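Open the model in your viewer and keep the sequence panel beside it. This tour tells you what to select at each stop.

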Amino acid sequence: MHISLIQAILIGLWTAFCYAGMLWGIYTNRALVLSFGVGVILGDIPTALACGAVAELAFMGFGVGTGGTVPPNPIGPGIIGTLLAITSSGKVTAASALALSIPFAVAIQFLQTFVYTLCAGFPESAKKALQQQNFKKYRLISNATVCLFAIVGFLLGFLGAYSMSTLQALVKMIPQWLLTGLSVAGGMLPAIGFAMIMSVMLKKEFIPFALLGYALAAYFTTPVIGIAIFGTIVALLVFFFSGNKDSNATTNSADTSTEESRDDWI
């Protein structure tokens with residue numbers, strides 16, 4: 001599949017909007033959102049959503065920065081991985097596209113850190129401009145970070161789409177056995193992502209629920225929506241019963257304190 005100049009520009013604009021939206025707090029810099037826009041522009045929404053869904057499963061864990069570590073950037077699988085899967089249809093699957101896009105995700109995160117470093121002095125400069133009542137300079141500096149991220153996002157999306165023919169040629173040079181191995185590795189990345197997030201969030205009292213969800217998926221072949229509904233029901237039951245228990249304990253303690261106070265009166 002050939003990507004035209006107009007499509008490359010649209011992908012660049014979409015990447016710029018999603019990348020800058022990270023600073024606006026609207027969570028557009030997610031793999032599923034990025035890949036959906038690419039699918040709309042290139043006319044292959046199912047493949048794009050498959051790439052975004054696989055990337056989201058993996059990035060649920062990769063998005064947890066432990067200590068001072070910085071996770072990979074979702075633009076890698078959301079834009080580059082989706083472009084590879086759509087333009088190399090039949091050769092690159094969603095799982096292998098995720099594995100191929102991880103180096104781009106790491107490199108883009110280094111670029112994001114560099115942009116943050118360039119913008120480190122902007123808050124102090126904006127504060128000085130505000131103290132000097134130079135409101136034009138204040139507005140310019142205040143919006144400079146968002147504009148810079150939008151420019152970087154446009155360049156990433158446009159160059160990634162416009163140079164896709166080169167990436168396609170490189171993918172064609174990869175032997176089939178290696179692509180199969182990348183597909184297997186890409187299929188394992190969501191499991192690694194779940195393991196990473198469970199190691200942070202899973203407490204011992206939640207282990208039975210995790211095992212129950214695994215049993216429903218592995219042995220009873222329950223679909224994801226069914227597991228989600230079942231989990232919601234269990235969560236509501238636990239919440240209501242624990243709430244009643246807490247309220248009863250509070251009532252009992254209040255009654256006990258009242259009786260003790262009455263004994264003190266006597």
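Select glutamine 133, in the loop between helix H6 (122-131) and helix H7 (135-142). Helices here are DSSP runs of H or I, at least four residues, numbered from the N terminus. This is a predicted model: local features need pLDDT of at least 70, side-chain atom pairs count only at pLDDT 80 or more, and totals for chains, interfaces and linings use all residues. Residues are numbered from 1 along each chain as its sequence is written, and side-chain values use heavy atoms, with hydrogens and water left out.

Stay on glutamine 133. Its phi is near 60°, a positive value in a residue other than glycine. Most residues other than glycine have a negative phi. Glutamine 133 is exposed, with a relative accessible area of 61%. Exposed means over 50% relative accessible area, buried under 20%, and partly exposed in between (1.4 Å probe, protein chains only).

Next, select threonine 221. Threonine 221 sits in the loop between helix H11 (207-218) and helix H12 (224-265). Phi of threonine 221 is near 50°, again positive in a residue other than glycine. Threonine 221 is exposed too, at 63% relative accessible area.

**The largest pocket**

Keep H11 and H12 on screen. Each supplies at least two residues of the lining of the largest pocket. A pocket is an open set of points on a 1 Å grid over the protein atoms alone, with protein on both sides within 12 Å along at least five of seven lines; a cavity is a set of points where a 1.4 Å probe fits but cannot get out; lining residues have an atom within 4 Å of a point. The largest pocket has a volume of about 610 Å³. Volume is the space filled by probe spheres set on the points, which are joined across faces, edges and corners.

By class, the lining has 15 nonpolar, 3 polar and 1 charged. Ala, Val, Leu, Ile, Met, Phe, Trp, Tyr, Cys and Pro count as nonpolar, Asp, Glu, Lys and Arg as charged, and the others, Gly among them, as polar.

**The cavity**

Now select helix H3 (45-62), helix H4 (75-87) and helix H5 (94-118); each supplies at least two residues of the lining of the largest cavity. The count is 1 cavity of 30 Å³ or more. The largest cavity has a volume of about 30 Å³. Its lining is Cys51, Ala55, Pro77, Gly81, Thr82, Ala94, Ala97, Leu98 and Ser101. H5 provides the largest share, 4 residues. The lining holds 6 nonpolar, 3 polar and no charged residues.

At 4% relative accessibility, cysteine 51 is buried. Then go to cysteine 147, in helix H8. Cysteine 147 is partly exposed, at 43%. The model has 0 disulfides, a disulfide being a pair of cysteine sulfur atoms within 2.5 Å.

From cysteine 147, draw a line to alanine 20: their C-alpha atoms are separated by 7.5 Å, though 127 residues apart along the chain. Last, show helix H1 (residues 5-24) with helix H8 (residues 144-162). The two pack at an angle of about 145°, with their axes 7 Å apart. Axes are lines fitted to C-alpha atoms over the stretch in contact, and angles run from 0 to 180 degrees between N-to-C directions. The contact of H1 with H8 divides into 19 nonpolar, 5 polar and no charged residues.
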